[in-house]
Each structure stands twice: as structure tokens, then as C-alpha cells.
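This report covers the contacts, fold, nonpolar cores and salt bridges of one protein model. Please read it alongside the sequence and coordinates.

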Amino acid sequence: MVQVVAGSGDADVTSEAPEATTATRLPAHARSKPLHWIATAAGVGAVVGLVLAVGPAGAVQTGAEPTAGPLARSAAPDAAKAKLPIDCGPLPVHIDQQFSAALPGAGTPVTVVAARCDAGAGSPPDGLYALEAGRTAPIQLLDPAKRFTVRTMAMRGDGSIHATVIGYSSTSVPDCCPDLTETLDWSLGADGAWAAPVVTGNAAQV
């Protein structure tokens with residue numbers, strides 16, 4: 001079962017900034033291991049979803065360059081029907097954020113999804129996935145095993161995906177207190193595939 005809890009129907013294009021934030025998630029107050037999530041499933045988690053958008057790759061765009069464009073949710077792959085590769089045991093999958101866009105070039109519809117196990121209490125790590133029209137399986141961009149929480153995500157005009165995540169600088173950091181903020185970018189290659197994520201920003205949490 002997939003529970004969609006945050007997102008927007010259409011993505012708006014803006015040309016006034018290098019990129020537009022498409023969704024924001026508040027920092028996790030606590031993190032737990034899978035067995036603990038089940039034990040505390042009666043608690044209440046807090047998730048905030050904001051309006052989603054698609055932004056251009058840079059401040060200057062030319063009309064000759066193929067760019068990603070906004071797309072109504074109804075015209076893109078349905079995240080609620082997707083089988084995301086997350087092992088949640090008896091718990092459902094919880095979609096925190098999503099947006100839809102048409103990729104540059106052929107205009108392939110895509111839905112980008114940040115999802116986690118719906119543990120109730122605590123905040124299990126996120127996975128980030130791209131659902132492309134014509135593909136039977138989701139493309140995993142961020143593995144939940146990395147223990148990141150996706151705070152914001154966006155798509156640039158060149159089709160690349162940009163996300164801000166919070167996580168842990170080492171395994172000794174308590175689950176309750178993520179101490180690292182990273183900015184990750186997935187570039188879209190000429191073959192239509194996203195490359196491995198590149199860290200473009202790294203800072204300690206205040």
C-alpha cells in the first residue's frame with residue numbers, strides 16, 4: 001500500500017532564478033531502526049509538504065535549448081500505483097514529496113518521489129525515485145540505506161535533479177540528531193539516464 005500525503009498537481013516554471021525549490025520537508029526529530037519503527041507505529045510523525053515546481057538550469061536560457069517543462073500530475077506516472085523498492089516489512093510506504101515534469105528533448109513524462117516507511121513515530125530515512133513513462137520499474141536515485149532525509153527537491157531546465165538532504169557525519173551520531181546537510185545533484189545524460197549523485201554542497205547542521 002502506498003499513501004500519498006504531500007505534493008502538487010502542476011509544476012510551475014520560473015525564469016527568475018537558477019532553480020526553483022519544489023518541495024520542503026522539515027528536519028527529522030528522531031530516527032529509528034526498522035524494528036523500532038514497528039514498535040512505535042502508534043506515534044504521530046510530522047511531515048510538511050509545500051508547493052512543487054520545476055525551474056530552469058541557469059539564469060540565462062536560450063529558446064533553442066531543450067528544457068524540462070511543467071506537467072500536470074495526471075499526465076505523468078502515478079506514484080500511488082508504483083511499486084517502490086523500499087523494504088518496510090508490514091508497514092506501508094509513505095510518500096512525503098513528489099512533482100511531475102516533462103524531460104527535455106522528447107518530453108518524456110516523469111514523476112520524482114521522496115518516500116519512506118510509514119512508521120508513525122520517528123522518521124525513517126528517505127529514498128528518492130524517478131518514475132518515467134515507458135519504464136516498468138522506478139529508477140532509484142537515493143538509497144534509503146544512506147540514511148538521508150530529503151528536505152527539498154527540484155528539477156532544473158536541463159532535466160537534472162537537485163536535492164537538499166540531512167543526515168549523519170558518522171555512525172556514532174545519535175539517530176535523533178542529524179548533524180550534516182548536503183546538496184546532491186543528479187545530471188541527465190545524453191542517453192536520457194541520470195548519472196550517480198554528485199555532492200555539490202556539504203555543511204554541518206547548526
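## Contacts and basis

Of the contacts (heavy atoms within 4.5 Å) in the protein with a separation of 6 or more, 63% are between residues 24 or more positions apart. The model is predicted: local features need pLDDT of at least 70, side-chain atom pairs count only at pLDDT 80 or more, and totals for chains, interfaces and linings use all residues. Residues are numbered from 1 along each chain as its sequence is written, and side-chain values use heavy atoms, with hydrogens and water left out.

## Fold and surface

The protein has 13 strands and 1 helix, taken as DSSP runs numbered from the N terminus (helices H or I, at least four residues; strands E, at least two). Along the sequence the order is β-β-β-α-β-β-β-β-β-β-β-β-β-β.

Of the 206 residues, 46% are buried; buried means under 20% relative accessible area, exposed over 50%, and partly exposed in between (1.4 Å probe, protein chains only).

## Nonpolar cores

A nonpolar core is a set of buried Ala, Val, Leu, Ile, Met, Phe, Trp, Tyr and Cys residues joined through side-chain atoms within 4.5 Å. The largest has 21 residues, among which Leu128, Met155, Trp186 and Trp194 touch the most other members. Elements giving two or more residues to this core include strand 6 (93–102), strand 8 (127–132) and strand 12 (180–186). A second, separate core has 14 residues, including Ala79, Leu84, Ile86 and Ala119.

## Salt bridges

The whole structure contains 4 salt bridges, each a side-chain nitrogen of Lys or Arg within 4 Å of a carboxyl oxygen of Asp or Glu. One of them joins arginine 116 and aspartate 96 at 3.0 Å, N to O. Arginine 116 is in strand 7 and aspartate 96 in strand 6, so the pair ties together parts 20 residues apart in sequence. Arginine 116 is buried at 5% relative accessibility, and aspartate 96 is buried at 0%.

Aspartate 175 pairs with arginine 147, with closest N and O atoms 2.8 Å apart. Aspartate 175 lies in the loop between strand 11 and strand 12, and arginine 147 in the loop between strand 9 and strand 10, so the bridge ties together parts 28 residues apart in sequence. Aspartate 175 is partly exposed at 22%, as is arginine 147 at 26%.
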